[in-house]
Amino acid sequence: MGGSAQNPGALQGGNAPGQSMYERLSQRMLDISGDRGVLKAVIREGAGELVTPDASVLVKYSGYLEHMDKPFDSNYFRKTPRLMKLGEDITLWGMELGLLSMRRGELARFLFKPSYAYGTLGCPPLIPANTTVLFEIELLDFLDSAESDKFYDLSAEQQNEFPLQKVLKVAATEREFGNYLFHQNRFYDAKVRYKRALLLLQRRSAPHEEQHLVEAAKLLVLLNLSLTYLKLERPTMALRYGEQALTIDCKNAKALFRCGQACVLMTEYQKARDFLVQAQKEKPFNHDINNELKKLASYYQDYMDKEKEMCHRMFAACDSGSVVGDN
């Protein structure tokens with residue numbers, strides 16, 4: 001569905017005597033629970049592997065009650081993606097089963113019988129008892145967090161003995177979680193995930209021949225942290241992480257650009273220009289860098305005009321005082 005509600009009843013064609021809309025719909029759906037408690041119809045095929053049991057999923061979805069042509073609760077109508085972890089954040093057993101049958105990019109419709117939805121109690125006042133519900137779910141992406149969960153269950157000593165490739169995978173998973181949160185404008189939560197990834201990489205020592213792998217992973221996290229702190233309007237921290245990224249790659253255009261942006265916000269215009277000019281040397285045709293330099297020139301001119309005006313007023317006041325004293 002991808003965030004645009006459709007009337008599920010309008011998809012069914014003619015009305016068969018004595019049959020409800022859901023009964024007509026169920027005749028063309030696949031039984032994925034084995035007892036026809038969860039039925040599925042694929043609207044758009046996905047690709048890749050099925051969702052894993054320990055995954056965190058990024059989804060859009062909405063739910064409908066029988067005989068209703070709009071979502072039964074606006075909270076279930078997700079115009080923006082929602083990140084949920086299987087086994088923790090999903091309260092409907094039917095939705096969990098449904099997600100485990102899906103692949104990345106898939107859009108599907110599910111019918112959940114009461115025992116797989118809200119049961120004999122329902123969810124008053126919106127959902128009556130013993131209600132069959134229809135869900136349309138779009139699986140945007142998922143992350144298999146099994147390796148991360150296993151890692152964090154270990155002691156500190158065991159974590160230090162964890163294979164480097166697996167540590168890098170755990171750090172990458174944390175960074176990807178941060179990316180999802182960032183794209184939902186949850187910048188504080190994204191920052192927490194990025195810092196977890198960075199801590200893992202900073203604590204881990206690696207043989208000389210593999211150190212470049214750790215440094216490459218750290219660079220990505222530092223760039224993300226710098227951008228996140230810019231979004232949080234904390235330019236000092238953005239500059240700190242940007243400069244740390246430059247210790248790994250002194251010619252990294254993104255790091256130079258973000259350091260420049262941070263300095264602009266801190267009104268350190270000469271320092272900002274130094275960073276941005278270096279970034280422009282690395283990426284001379286980059287639209288964002290060139291625009292930032294234009295903005296900087298405008299800010300700097302305004303700053304100098306205000307400085308001149310302030311100096312003029314100050315000296316004017318001094319001159320006025322001298323005249324009064326002489327008189």
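Helix α9 meets helix α10 through Ala253, Leu256, Phe257, Cys259, Gly260, Cys263 and Val264. On the α10 side, the partners are Tyr269, Lys271, Ala272, Phe275, Leu276, Gln278, Ala279 and Glu282. Keep in mind that this is a predicted model, with a mean pLDDT of 82 for the chain.

**The α9/α10 pair**
- Sorted by class, the contact of α9 with α10 comes to 11 nonpolar, 2 polar and 2 charged residues.
- Helix α9 covers residues 253-265 and helix α10 residues 269-282; their axes sit 8 Å apart, at an angle of about 160°.
- Because of that angle, α9 counts as roughly antiparallel to α10.
- The crossing of α9 past α10 is left-handed.

**The α5/α6 pair**
- Helix α5 (residues 164-183) and helix α6 (residues 187-203) have axes that come within 8 Å and cross at roughly 165°.
- So α5 is roughly antiparallel to α6.
- Here, too, we get a left-handed crossing, with α5 passing α6.
- From α5, the residues in contact include Leu168, Glu174, Arg175, Phe177 and Phe182, while those from α6 include Phe187, Asp189, Arg193, Arg196 and Leu201.
- That contact of α5 with α6 splits into 12 nonpolar, 2 polar and 5 charged residues.

- A pLDDT of 70 or more is reached by 81% of the residues in the chain.

Definitions and conventions. Residues numbered from 1 in each chain as written. Predicted model: local features only at pLDDT ≥ 70, side-chain atom pairs only at ≥ 80, totals over all residues. Heavy atoms only, no water. pLDDT = per-residue confidence, 0-100. Axes fitted to C-alpha atoms, helices over the stretch in contact; angles between N-to-C directions. Helix = DSSP H or I, 4+ residues; strand = E, 2+ residues; numbered from the N terminus. Parallel < 35°, antiparallel > 145°, perpendicular 65-115°, else oblique. Left-handed = near helix turned anticlockwise from the far one by under 90°. Contact = heavy atoms within 4.5 Å. Nonpolar A, V, L, I, M, F, W, Y, C, P; charged D, E, K, R; others polar.
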